[in-house]
Each structure stands twice: as C-alpha cells, then as structure tokens.
Amino acid sequence: MISSIHDFFIPILASSSDSDDGGGRGESPPAKRARTSLILDGQSTSSSSSITLAQFFDPHLSMHTHNSNPNSTTINSTSSSTTSTSPNIASSTIASSSTNTNNSSMTANDSSSIVTSFPLATEQSASNGAANNPVVENIEQIDNSSSNAPSSSSLPFCDPERLKQTHKHNCERHLNHHCNGVTNTTQSSKNNGHDETGFNGTTSEKITRLISTSTQTVSVSSSLSNSITCTKTFTNSQKEILRLIGQHLQSAGLNKTVETLIQESGCILEHEHASHFRELIMSAKWSESMIALEKLKTYIEEHDGILQMKYLILEQKYFELIEDSQPMEALHCLRHEIQELRIRTERTHELTKYLMFSSPKEMRSSANWSGKGFVSRQKLMEKLQKFLPPDVMLPPKRLESLLTQAVELQQERCTYHVKPGKLTLDDVTLLKDHVCTNIQILNEHADEVWFCKFSPDGTKLATGSKDGYLHIYDVDLQTYKMKLRKQFDGHSFGIGCIAWCPFSRYVIACGTDECTELWIWDVEREEQRSRMNHTSDDSLTCAAWLPCGQRFVCGGSRGQFYYCDIEGNVIDSWEGVRLQCLHVTTDGVILAADAQKRISSYKFDTLTDQQLIHEDHPIMSFAVSKDGRLALLNIATQGVHLWDLEDKVLVRKYQGVTQGHYVNHATFGGPNEEFVASGSEDSKVYLWHRRQERPIMIFSGHTRTVNCVSWHPTLPLLFASASDDATVRIWSTPEHQQKIESSSGSESS
C-alpha cells in the first residue's frame with residue numbers, strides 16, 4: 001500500500017532520471033532541461049523554487065505549498081508553442097519524455113513551432129513569494145481563498161487513479177480555456193503586497209501547460225514579451241517563403257526582425273542542431289563542431305558526406321593554425337586528423353606545402369584563402385550547407401539564388417537582349433520584369449526622318465530628315481540619353497544618307513536623286529567644312545570615308561562615281577557606274593551596290609573592279625560587318641539577306657520584314673555583332689539572331705515606315721531607329737529608362 005504521494009512518484013522519477021535510454025547520454029544542458037525530472041521530496045534543500053507534481057495537478061495545492069515551502073523542485077522544460085486554436089491540441093502535443101527530448105518532430109523539425117527553453121522558477125521567486133512568480137500566476141489564476149488548502153506534506157494518502165483523473169481534467173480545462181479564447185477576464189488577488197493578474201492575450205508572457213502522462217514530464221512554452229501569437233495556418237509554400245525571408249534578413253544583420261518574424265509566424269529557420277552547428281563553426285570551436293556534426297549524421301544523404309564535411313572543417317582549422325603561427329599544431333592536424341579521414345589524398349598532399357611559406361600573406365595568396373575570420377568561415381559554412389537537406393539547413397543565400405535564376409530566365413525569354421554576359425541582381429530592378437524597350441523618343445524633326453547614324457566613337461548621333469535638317473545629338477554613355485547639340489540646315493532636297501569620318505569629327509550629308517551636291521560638316525566647330533558640287537548633272541546620293549579620314553568616295557544613280565579629298569576636290573572618277581550604296585572596309589576596300597543588282601569591289605588606282613554578289617532583285621542598301629566578311633542586304637520586295645563576301649554565297653534570308661521599293665537600312669549589332677536589325681514598311685523594327693531566320697523580337701512604337709536602324713558601336717544594348725513618323729527612337733532596357741527619369745528629376749530640381 002502506498003502511504004503517501006511521495007512513495008508513489010519517487011520510483012517513477014528515479015527510473016526516468018537514471019535511465020539513459022531516454023536520450024540522456026551526451027545531452028547538452030538545454031536538452032537535459034527538456035527532460036527535467038520532478039523531485040518530490042518535501043525535505044529537499046534545493047535553492048530553487050519548485051512546484052510538486054501533486055501541486056501541479058491541484059491548483060489549490062500548488063498555491064499553498066509554493067508559499068509555504070519555496071525550496072523545492074525546479075521544473076525546466078522545452079516545448080513547442082503551437083499556433084493551433086483547436087481544443088484538440090492537447091492530444092497532439094501531450095507526449096512521452098523520450099518523444100519530447102529525442103524526437104525532433106516535437107521541437108526543431110516542426111516548422112510551425114517556436115522552440116523556447118527557460119526555468120519555471122528562480123531563486124528570486126523563493127524570496128519574493130508566489131506573487132512575483134509569473135509562472136505560477138499564468139499557470140493558474142489563484143484566489144486568496146485557496147490559501148487555506150492543505151499542503152502536500154500533510155496528505156497521508158493519494159489515490160493514483162484519482163490523480164490521473166485530476167491531471168486529465170485540469171489539462172483539458174486549462175487548454176480549452178486558452179485555446180477557445182476564454183482568457184479575457186482578469187482576476188486579482190493580493191499576496192505579499194503584489195497583484196496577481198490573469199492574462200487576456202496581451203500580457204508579457206503566455207504559458208501553456210502540457211503534461212506527458214507516460215513519464216510525468218511537464219512541458220511549458222512561452223512567447224517573448226509583447227509578441228503576437230499567430231492564429232493563421234500557413235501552407236508549406238508560405239512557410240518556405242517565410243524561411244527564405246528570415247534567412248535573408250538574418251544575413252543582413254536584422255536579427256531582431258528575424259525574431260519577430262519567427263514569433264509571429266511560428267516558423268523556424270533551421271533545425272536546432274544545425275543552428276548549434278553553425279554557431280560552433282563561426283566561433284572556430286572545431287572539436288565541438290565535430291561532435292555536433294555527428295548529431296546531423298542521419299540527415300546527410302551522400303554516402304561520404306560526413307567525411308567530406310569533416311575534411312572541410314579540418315582544412316579550415318589547419319589554415320587558421322598556420323596563420324596563428326602554430327606550425328606544430330597545424331602539422332598534427334594534418335597528420336592525425338585530416339590524413340586519418342583517408343579521402344582526397346591529392347588535396348591532402350597539396351596542403352603540406354602551405355606549411356613552407358614564410359608569411360601568412362603568402363600562404364593566403366597561394367591557397368586562395370581569405371584568412372582567419374568571419375569571411376572564410378562563412379564560405380566554409382556555405383560549403384557545408386550543401387551536404388544538408390534544406391529542411392534541416394537552408395542552402396546559402398537561397399533567396400538571392402532564386403532571384404538570380406528568375407532574372408536569368410527573364411533574360412532568356414528576352415531573346416533580343418543585347419547586353420553581353422548574364423544579368424546580375426545589380427543590373428535590374430526586382431520590382432518589375434526585365435524587358436528591353438525604347439528609352440527615348442527624339443521628335444525635333446518636322447518631317448520624315450530618312451537616316452540615322454552613330455559616330456564611330458559612340459559619343460554622337462546624327463539624323464537626317466526630309467525637312468532639310470541634319471541634327472547632331474550628344475550621347476550620354478551612362479544614361480544613354482540623347483541631347484540635341486546642333487542643327488545644320490540648307491539641304492533643300494532633304495538628307496537621305498549620312499557618313500561619319502573614322503575620327504568622329506566630320507560628317508557627310510547627301511540628298512536624294514535630284515540633289516547635285518553634298519555637304520561636309522565639322523561637328524566640333526559646328527560649321528560647314530566644305531561643299532561639293534561637281535556638275536549640274538550629278539546625283540550624289542551616297543558616300544563613304546576612307547580609313548585615313550581625309551578622303552572619301554561618293555556617287556549616285558546617274559552614273560557618277562568620285563574619289564575626293566576632304567575639301568570636296570575630285571581626285572579621280574569612274575564613269576558609268578550607277579550607284580545605290582557605298583561602303584569602305586577597314587582595310588580600304590571600296591564596295592558599291594549598283595543598279596545591276598550586284599555588289600562589286602573597286603580599285604581607283606588600277607581602275608579595276610570585281611563582282612562579289614549578284615541578286616535577283618534590286619539592292620536598296622547594304623551594310624558590312626566589322627571584319628569585312630559578311631554583308632547585310634536590303635532587297636526590294638524580298639527583305640533582308642545575309643551574304644558571305646569571301647565565299648560569295650548567300651548565307652541566310654531573314655523573314656518577317658516588309659520591304660518594298662523604298663530604301664531601308666539594316667545593321668549588325670550586339671556583342672560580337674550577333675544580332676541583325678532592320679526597319680520595315682509595317683512601322684516596326686525587326687530583330688534577328690544572326691544565325692536564325694525568324695525574328696526573335698519585333699519592336700513596336702513607330703506609326704509609319706521605319707527607314708533606318710543604327711546600332712551603337714560601343715554599347716551593345718543600344719540602337720536607334722528613324723521613321724517617316726518624324727521621330728527617332730532609342731531602344732534599350734527599362735533600367736536605363738529609370739536612370740533617365742532620375743537624371744531628369746535631378747535636373748528639374
């Protein structure tokens with residue numbers, strides 16, 4: 001027969017405390033606190049305040065005994081603060097001691113819980129009385145009338161079955177009391193001059209009492225001061241997003257914000273063992289980190305993952321010992337720790353050479369190691385994280401990685417994107433999708449714009465119009481903004497062709513078939529350099545500079561073909577060649593498209609020519625690649641054709657563009673001239689990859705025929721288009737549009 005409550009419980013508690021099967025072996029102090037046993041001996045001399053198990057079952061006993069005998073058992077416990085509001089929470093959270101201490105599903109693996117660990121009573125509460133003990137206050141609303149209840153020490157007999165029923169009844173009553181929100185009433189009582197106040201959801205601490213019936217372990221969870229208890233149920237995807245946000249905030253040093261996020265959402269960032277492991281690595285506690293790594297062994301999927309992780313840790317330890325000028329310790333680490341792993345033999349042999357350097361600086365440079373401290377340990381942690389599943393420890397910089405992938409995908413979808421290399425997060429705005437578009441509209445012309453051309457150095461843009469004006473714009477190479485610099489007038493027949501000299505100082509302006517003269521303008525001095533008018537029968541519609549920048553060739557549809565100097569003097573001529581377009585390669589070869597549907601090369605010194613290309617339809621214009629190998633032809637009624645000038649073969653016919661008998665000018669562009677662009681009579685700009693016949697992008701914006709496209713020579717993501725709608729559009733990315741807007745805002749302010 002059991003003579004007292006102590007006789008009943010002490011054997012159970014002794015077996016719970018002495019047994020190592022419950023996970024006590026090798027536990028850390030927090031884990032031990034999670035399975036604290038209840039010492040119910042009334043004669044205990046412990047200096048901590050206590051609550052006996054019988055008192056816990058009976059609130060009246062709890063109050064009376066706590067006041068009469070403050071020196072009793074300390075209850076330390078770890079529990080999950082569940083976010084569910086259902087009264088059935090008791091059945092899902094009451095578990096055995098071994099479950100609470102060793103089964104991580106009740107603690108760190110529960111992504112909807114916050115793991116908290118704290119003592120339920122302190123030495124201070126023993127001296128100040130129960131009124132200063134918030135745990136007693138919040139576990140039970142105490143009335144002064146309970147002060148006359150008998151103490152546990154005076155109970156001669158206690159029926160075990162009755163205790164179990166009392167325990168079950170109290171658990172259900174208090175859990176329903178909290179879960180159903182019936183906590184808004186306040187009860188106060190005076191005790192030792194202090195008020196005991198019930199909580200209504202906004203007090204400094206909320207405590208939920210959960211009792212494990214198998215081993216009588218008490219688990220308590222608490223939220224921090226002024227926290228908000230989450231009542232929302234999150235989906236798995238929402239939890240993962242919250243974890244990613246928390247990880248990013250943590251890497252930014254916003255730890256308090258992370259704590260608030262965890263408290264309000266109920267989501268944890270990573271497994272508690274993983275978090276402890278991270279702390280040890282960042283603190284350079286190598287031996288402890290090896291022990292902590294063993295606790296994560298079951299989560300590592302790779303068969304030799306644990307060895308690889310140990311190797312990385314010991315390698316970091318080895319380097320730091322060398323930097324600390326401890327060569328013997330480093331050698332010991334290499335021989336007796338790294339080598340004992342028996343993996344990565346070649347790397348181990350390589351590590352030996354770092355002991356031979358005379359200075360740590362040379363060692364760091366040779367090993368490509370950033371040195372002892374946060375940076376190198378953070379890099380180590382990023383390598384280690386790759387071996388752990390994401391539900392245990394998130395991969396390093398996971399949110400940034402996902403955003404980078406999204407940006408790269410947008411770049412791939414923006415197949416006409418012309419910036420070399422891959423975009424980074426710094427290249428774009430995350431507030432909207434990336435897409436290349438026009439960033440500026442130039443509308444200073446009063447009539448159709450027939451031609452546009454960037455200068456060879458990329459600092460200027462020249463445009464020619466039917467209105468008779470040549471406009472010169474300055475190009476801001478940072479914002480890509482065009483600013484009108486000078487207007488040159490006097491071209492009575494309009495401007496149908498523009499040619500920049502190789503040094504970007506002089507520009508030639510040619511007219512239409514009826515025009516018998518051309519102009520050479522000095523852009524730096526903003527004046528006319530010379531004017532050429534050889535005969536009244538001339539038709540000077542095209543021109544091109546020689547590489548020297550002091551001579552040029554020009555001609556027209558009436559059979560004139562002149563070789564001239566910068567002053568407009570004719571040095572030589574070639575009669576009978578009706579020219580449609582001219583180009584001079586970088587090595588001085590003169591190429592001309594004539595009315596015979598062909599492109600030929602010409603040498604004025606020997607007056608010899610050689611046919612290179614012959615088409616079936618008239619060649620309206622052509623452009624040549626920088627290496628002189630490829631030619632891009634606009635063919636009447638056919639569109640755009642790509643020819644190989646060396647092999648003299650047609651390489652590709654680009655589809656989509658509308659080409660009639662009007663002059664249209666296509667261009668190469670982009671990195672390594674991988675793209676081809678052309679205007680069209682359907683008011684659009686077509687863009688192709690050089691190796692694809694179908695357009696990869698069609699630019700809309702112009703309202704009439706697009707006559708000319710010019711690609712910037714040094715900025716591969718910028719090009720301009722001229723149209724009969726009297727505008728010139730500058731095309732690039734939205735990011736540079738933002739620069740323009742911010743620049744305009746600063747100028748206006």
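1. Two rings of Phe, Tyr or Trp count as a pair if their centres lie within 6.5 Å, with planes under 30 degrees apart called stacked and over 60 called edge-to-face. By this rule the structure, which is a predicted model, holds 20 aromatic pairs. F488 and W521 are both buried.

2. W574 and Y602 make an edge-to-face pair, because their planes stand at 85 degrees with the ring centres 5.1 Å apart. W574 sits in the loop between β19 (570–573) and β20 (579–584), while Y602 is in strand β22 (residues 598–603), so the contact ties together parts 28 residues apart in sequence. W574 is buried at 12% relative accessible area, and Y602 is also buried, at 4%.

3. A cluster of aromatic residues is also present: ring pairs connect Y318, F319, Y354, F357 and W369.

4. Over the whole structure, 21 salt bridges are found. Among them is the bridge between R347 and E315, with the closest N and O atoms 2.7 Å apart. This bridge spans 32 residues, from E315 in helix α14 (residues 305–323) to R347 in helix α16 (residues 345–351). Both R347 and E315 are buried.

5. The salt bridge between E448 and R704 has its closest N and O atoms at 3.3 Å. Its partners are 256 residues apart, E448 in the loop between β7 (437–442) and β8 (449–454), and R704 in the loop between β31 (697–699) and β32 (706–711). E448 is buried, at 14% relative accessibility, whereas R704 is partly exposed, at 42%.

6. E646 and R629 form a further salt bridge, with 3.4 Å between the closest N and O atoms. E646 is in the loop between β26 (639–644) and β27 (649–654), and R629 is in the loop between β24 (619–624) and β25 (630–635), 17 residues apart. E646 counts as exposed, with 56% relative accessibility; R629 is partly exposed, with 27%. Shared partners place R629, D644, E646 and D647 in one salt-bridge network.

7. On the surface, R344, K379, K383 and K386 form a patch of positive charge. K386 lies in the loop between α18 (374–385) and α19 (398–413). K386 has a relative accessible area of 64% and is therefore exposed, the cut-off being over 50%.

Key
Residues numbered from 1 in each chain as written. Predicted model: local features only at pLDDT ≥ 70, side-chain atom pairs only at ≥ 80, totals over all residues. Heavy atoms only, no water. Phe/Tyr/Trp six-rings, centres within 6.5 Å; stacked < 30°, edge-to-face > 60°. Buried < 20%, exposed > 50% of the residue type's maximum accessible area, 1.4 Å probe, protein only. Helix = DSSP H or I, 4+ residues; strand = E, 2+ residues; numbered from the N terminus. Patch = residues over 30% accessible without salt bridge, like charges linked within 9 Å, V, L, I, M, F, W, Y side chains within 5 Å. Areas by Shrake-Rupley, 256 points an atom, 1.4 Å probe, with all protein chains shown as cover. Salt bridge = Lys/Arg side-chain N within 4 Å of Asp/Glu carboxyl O. Lys, Arg positive; Asp, Glu negative; His and termini not counted. Charge placed at Lys NZ, Arg CZ, Asp CG, Glu CD.
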